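Here's a quick briefing to read with the model open beside you.

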Amino acid sequence: MTKPKKDVKFQHRERRLSRGSDSPAEGRSTSRANGAKSPVRNGHPTRPDYGRQDTGMTEGWATEDEKAPQPTAQEEYAKKKQTFITRTIWTLVMIAVFFGAMFAGHIYMIIIVTALQIVSFNEVIAISNVPMRARSLQFTKTLNWYFLGTTMYFLYGESVIYYFKHIVLIDKVLLPFATHHRFISFMLYVMGFVFFVGSLQKGHYRFQFTQFAWTHMALYLIVVQAHFIMNNIFEGMIWFFIPVSLVITNDIFAYIVGITIGRTQLIKLSFVGAWLFTVLFGFGMTNILMRYKYFICPVNDLGANIFTGLECVPNPVFIAHTYQVPFIPPTWTHLPTTVQISPMQFHIFIMATFASLIAPFGGFFASGLKRTFNIKDFGDSIPGHGGITDRMDCQFIMGFFAFMYYQSFIAVYRASPGSVIETAITSLTPEEQVEVVKLLGRHLVNQGQLSAKALADLGEQFRIAMK
Amino acid sequence: MTKPKKDVKFQHRERRLSRGSDSPTEGRSTSRANGAKSPVRNGHPTRPDYGRQDTGMTEGWATEDEKAPQPTAQEEYAKKKQTFITRTIWTLVMIAVFFGAMFAGHIYMIIIVTALQIVSFNEVIAISNVPMRARSLQFTKTLNWYFLGTTMYFLYGESVIYYFKHIVLIDKVLLPFATHHRFISFMLYVMGFVFFVGSLQKGHYRFQFTQFAWTHMALYLIVVQAHFIMNNIFEGMIWFFIPVSLVITNDIFAYIVGITIGRTQLIKLSPKKTVEGFVGAWLFTVLFGFGMTNILMRYKYFICPVNDLGANIFTGLECVPNPVFIAHTYQVPFVPPNWTHLPTTVQISPMQFHIFVMATFASLIAPFGGFFASGLKRTFNIKDFGDSIPGHGGITDRMDCQFIMGFFAFMYYQSFIAVYRASPGSVIETAITSLTPEEQVEVVKLLGRHLVNQGQLSAKALADLGEQFRIAMK
């Protein structure tokens, strides 16, 4: 994954030259190519240079290494056309994979998010691996992987324990791993820390400490935030899809508006224009998706897909409430005094606003990082688009926000059988747990919810199984 | 807080020279001065050079800048004596403040931990402020303070909400701050992030990004870990005092044992540490842990969680003691022959085992926090993180092993010791009020299966239970 820096710069500058002249055509082509659905991987050439007019070859970048001979007009045109085709193809591939996974089921989306965070982590780590110190590099790479593994074990474990309590707390083998999960993760991390300190070599301190800090920053900015994005998937596909699509939409519209307005005083309006369009898109897309339980239900069945659907009690935010209009309209206007809207409309507005005004700063942050290291892209995982991190840099902070916002304002803390069982197992002595089973069983029999016979049969089944 | 690097090196090397010749006497003096109680701020001259024989002036450090004229023997002796006196005085001051706060009440200890983490954060940040870029420095400093403030707001809020639910969830004004605490903290952080990106200046990118990463690392290594140390105080003074004193004891005994019988080098990073000192310290730390804990365990002021922030050692605290402090009867794992007259059961409190684990961590793992800090100092070619404590260096120099130990103590406590008090009644209440009948049935089935798996409930008993219901319902 580590590339000699010169090649990276040169290759990408060439790509960028091609991209530059094609960008207006690209943007419009991809928009047209996708018809009604907005492209989810945009054809935006260089983020965040909104509204940049194509000024040809000379750019503001670091101008080293003019080693390539000036290509002829014919060659240049052919190269640009090739790049344009590559970009379009891969944009469509990404869109297809994204929607395919979304319809195939939550588990596939989770797999994709996992893969993306690992690749992104690798790309970011690779940047800092220059200068390569051959002797210490091997162990440093191993340590990076180890910290990544430990962090993912901790975060995934937290998610699994939280969303699948009713499985992990019952199983005899998994139970200790669940109840002592944080301690186990902590000890794994401490082992990595001890190994790091033990591996410090005289003369390499600065490199090793820089690697240590870089790894931690990458884990925090990528892996931790990806964890929150994954939790969004667990809460309901809509809580994952809407933030992701809002960011992409904002990218596209900012580019289009910027191209349209041009490099004039109105350049700042590209922000406002993109914001408006993003809000409108948000309203439209959400109101469509809201009608389908597959999108709004939390994952209680990992095998579900768009054909089998999901069943649940919808979250109250999706249900229309009656609100009093804050002013009294005169009778002659025949305006209603109450409106019926679902609170979701308000939440969409907030999310779209964050996606337009705040999330782009994630992209600016990544751009600043790239300028610090004098690179054009984080990697080249996606031909024509750069690396995964280049595509994902705004998504992380948006996903993090979506999760925090959901947990704070939307989530309804209903107890679940899993949470009640968890409390019983972790907080009660075994004798007290037996008492719970007896008393609750008696309550249910009294209520007619559980026939005494069913309870007896249950015990009988256990007795037979235990023989 | 930023000192020109040359002065720092020179000053401390001189101090270190003085310290070097005095170290054997210092250790013994402070031990004698404090009588029965082990000194809690040790008279240890240079951390982490355990077991270093005094070899006079020449040391293994970076040998630059021999600019100072060789002081005369008379001046040198006077300087050493002065340094020794300063160190001893400040050791006693630290001990007095520590014990004073501990007896005065939990709230004072919390104040001290807060102050220490802020000073430590500043010291660590100051190291990376070289080279100073005057233009961007002011805003960077503001941003560092802002991130520190945001992180402390988040962490302190979490603690307050967790330990004082009965206050914050009732109060009308505090309630929204409590229920939306994480979101508010997150938005505060995002604002800082946005300001950081907005403040990026061409030509200063590397400096600003390095500052950003450095701030986050310092927050994580210092402030977050200090938060866990504070939670230990909330759980009971003993859960704070024992880890802290174990680390300090380990320091002292490693030095003493190393001086006495030290021979084999332990780690290249700290060339003066010895394996003998390491292992010997472990033994003594375990013994100290057993002794100290068994004394403190008898007083409810130390073992009770803070339910009254105004309590001090004279007013005491009241609570139901945690089960770990209560002696249980354990079966001896082997059967001793009759003639030895050994008992077949022993009565010990589980705390003894936990003390052993904690002492072992303090001796074998926590010192790596100190090695980490040493490595950091070598990277930046400095001798100490600061000079907050005359004769001892900076706060971070004293605290570097404490952070990881406190973090471990918290995680260990939460995992193995903490009792999450619920009652069968509260669990049933939650089930009845918050679950549908079908879900309640699921609870009975799954919990029943769990108990059968754990051998707590015989399948027959469950069947009998059902049978009883059936008969009663007729």
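Predicted model: local features only at pLDDT ≥ 70, side-chain atom pairs only at ≥ 80, totals over all residues.

Of the 474 residues in chain B, 53% are buried.

**Chain B overall**
- Chain B is built with 17 helices and 4 strands.
- Take the contacts in chain B between residues at least 6 apart in sequence: 74% of them join residues at least 24 apart.

**Nonpolar cores**
- The largest nonpolar core counts 200 residues. Those with the most contacts inside it come from both chains: Val197(A), Trp239(A), Phe240(A) and Phe365(A), plus Trp239(B), Phe240(B) and Phe372(B).
- What does Val197(A) touch, leaving aside its neighbours within four places in sequence? Its partners are Ile267(B), Leu269(B), Phe368(B), Phe371(B) and Phe372(B).
- There's also a second, separate core of 28 residues, and Leu175(A), Ala424(A), Leu428(A) and Val434(A) are among its members.

**Annotated spans in chain B**
- An unreviewed UniProt entry lists "transmembrane region" for several stretches of chain B, including residues 84-101, 107-131, 212-230, 236-257 and 353-373.
- Residues 212-230 of chain B are 100% helix and 0% strand in the model, and their end C-alpha atoms lie 26 Å apart.
- Residues 236-257 of chain B come out at 95% helix and 0% strand, with 32 Å between the end C-alpha atoms.

**Helix H16 of chain B**
- H16(B) covers residues 437-453, so to speak 17 residues in all, and runs 24 Å from its first C-alpha to its last, close to the 24 Å expected at 1.5 Å a residue.
- Its buried residues include Val441(B), Val443(B), Val444(B), Leu446(B), Leu447(B) and Leu451(B). Glu439(B), Gln440(B) and His450(B) are buried as well.
- Just after H16(B) comes Gly455(B), which has a positive phi of about 75 degrees.

- The average pLDDT for chain A is 77, and 78% of the residues score at least 70.
- Which elements of chain A have the lowest and the highest mean pLDDT? Helix H1 (residues 5-33) of chain A has the lowest, at 37, while helix H7 (residues 181-198) of chain A has the highest, at 94.
- Over residues 1-66 of chain A, pLDDT stays under 50. The model has 136 contacts beyond four places in sequence for that stretch.

Definitions and conventions
Residues numbered from 1 in each chain as written. Chains lettered and ligands numbered in written order. Heavy atoms only, no water. Helix = DSSP H or I, 4+ residues; strand = E, 2+ residues; numbered from the N terminus. Buried < 20%, exposed > 50% of the residue type's maximum accessible area, 1.4 Å probe, protein only. Contact = heavy atoms within 4.5 Å. Core = buried A, V, L, I, M, F, W, Y, C linked by side-chain atoms within 4.5 Å. pLDDT = per-residue confidence, 0-100. UniProt positions renumbered as here; feature names shortened; annotations may be inferred.
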